[in-house]
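I opened a new notebook page for this structure.

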Amino acid sequence: MSHTLHRFGPEETFQNDFPFISRPAMKFNDKGAAPKMRRVMEICLDEGPVNWGSLTTKQNLTLGFDREELLNKTEDNSPAMGCFDDRQKVVNVLKKLKEEDLGMSVVVTGLRDKVEDICHEVGLTPHSADLALGIFGDTSRLPDDETMCYTTMCGHAMISAGLVKQIRKAVVEGRMEPEKAAKILAKPCYCGIFNITRAENLLEAEK
């Protein structure tokens with residue numbers, strides 16, 4: 001199951017939110033996969049994701065990274081992870097990956113109808129689909145809904161509710177612009193699946 005699945009918030013805020021993950025299948029086609037994963041990353045980075053991350057180098061697009069260093073440090077089990085804020089870019093990436101047939105697993109997260117529409121346009125049939133069914137248990141221990149719109153954009157829970165509340169307060173009080181605030185929130189997410197554009201739009205709506 002993908003850690004990009006459980007994003008929270010109003011449906012209209014996900015119109016341009018497409019987390020992307022690609023990786024080999026462990027013990028199936030991971031041996032010697034490094035060159036193929038490098039190529040996947042090249043295709044994605046050339047298209048211009050809104051964010052991109054690396055667990056290998058502990059960096060993301062917001063923190064800044066050296067593209068060649070990232071590619072050179074790619075290993076057989078290195079995942080390609082990031083987020084796009086433009087539907088057409090996702091279409092372009094999937095078309096290129098289909099053409100090159102690298103054999104790596106690809107997960108695109110988003111509103112189901114939008115992802116299915118993209119696959120149809122590219123000529124791909126999804127292997128499977130995971131659906132988020134909601135949150136169960138003692139939900140009283142969770143942050144408020146507005147805060148969770150931001151914290152759930154990091155699947156490993158690296159963005160704390162406390163940081164989100166501080167940043168939102170600074171924006172509302174006019175001490176920080178949404179663009180800068182969104183980039184600060186994105187920094188702890190090494191996977192790079194935090195959608196900076198979506199965060200900026202959410203913050204802009206709170207001003």
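**Confidence.** I am working with a predicted model. I first asked which elements of the protein chain have the lowest and the highest mean pLDDT. Strand β3, residues 59-60, has the lowest, at 90. Helix α3, residues 87-100, has the highest, at 98. Next I looked up the chain as a whole. The protein chain averages a pLDDT of 94, and 99% of the residues score at least 70.

**The sheet.** I traced the strands next. I found 5 strands in an open sheet. Their order is β3-β2-β4-β1-β5, and the pairing is antiparallel. Which strands sit at the edges? They are β3 and β5 (105-108), and each pairs on one side only.

Strand β2 (residues 51-54) and strand β4 (residues 80-84) run antiparallel and are joined by 3 bridges. In this pair I noted Gly-53, which stands opposite Met-81 in β4.

I also checked what α3 does here. Helix α3 packs on the sheet and touches β1 (18-23), β4 and β5. The direction of α3 makes about 20° with that of β1.

**Helices α3 and α4.** I stayed with α3 and looked up its packing with helix α4, residues 112-122. Their axes come within 10 Å and cross at roughly 45°. That angle makes α3 oblique to α4. I recorded the crossing of α3 and α4 as right-handed.

Which residues make the contact? From α3 I listed Arg-87, Gln-88, Val-90, Val-91, Leu-94, Lys-95 and Lys-98. From α4 I listed Asp-117, Ile-118, Glu-121 and Val-122. By class, the contact of α3 with α4 has 5 nonpolar, 1 polar and 5 charged residues.

**Helices α7 and α8.** My last entry concerns helix α7 (residues 178-186) and helix α8 (residues 196-206). At what angle do α7 and α8 pack? I read about 130°, with the axes 8 Å apart. The two helices, α7 and α8, are therefore oblique to each other. Their crossing is right-handed.

On the α7 side I wrote down Pro-178, Glu-179, Ala-181, Ala-182, Lys-183, Leu-185 and Ala-186. They meet Ile-196, Ala-199, Glu-200, Leu-203 and Glu-204 in α8. I sorted the contact of α7 with α8 by class: 8 residues are nonpolar, 4 are charged and none is polar.

Definitions and conventions: Residues numbered from 1 in each chain as written. Predicted model: local features only at pLDDT ≥ 70, side-chain atom pairs only at ≥ 80, totals over all residues. Heavy atoms only, no water. Axes fitted to C-alpha atoms, helices over the stretch in contact; angles between N-to-C directions. Helix = DSSP H or I, 4+ residues; strand = E, 2+ residues; numbered from the N terminus. Parallel < 35°, antiparallel > 145°, perpendicular 65-115°, else oblique. Left-handed = near helix turned anticlockwise from the far one by under 90°. Contact = heavy atoms within 4.5 Å. Nonpolar A, V, L, I, M, F, W, Y, C, P; charged D, E, K, R; others polar. pLDDT = per-residue confidence, 0-100. Pairing = 2+ DSSP bridges.
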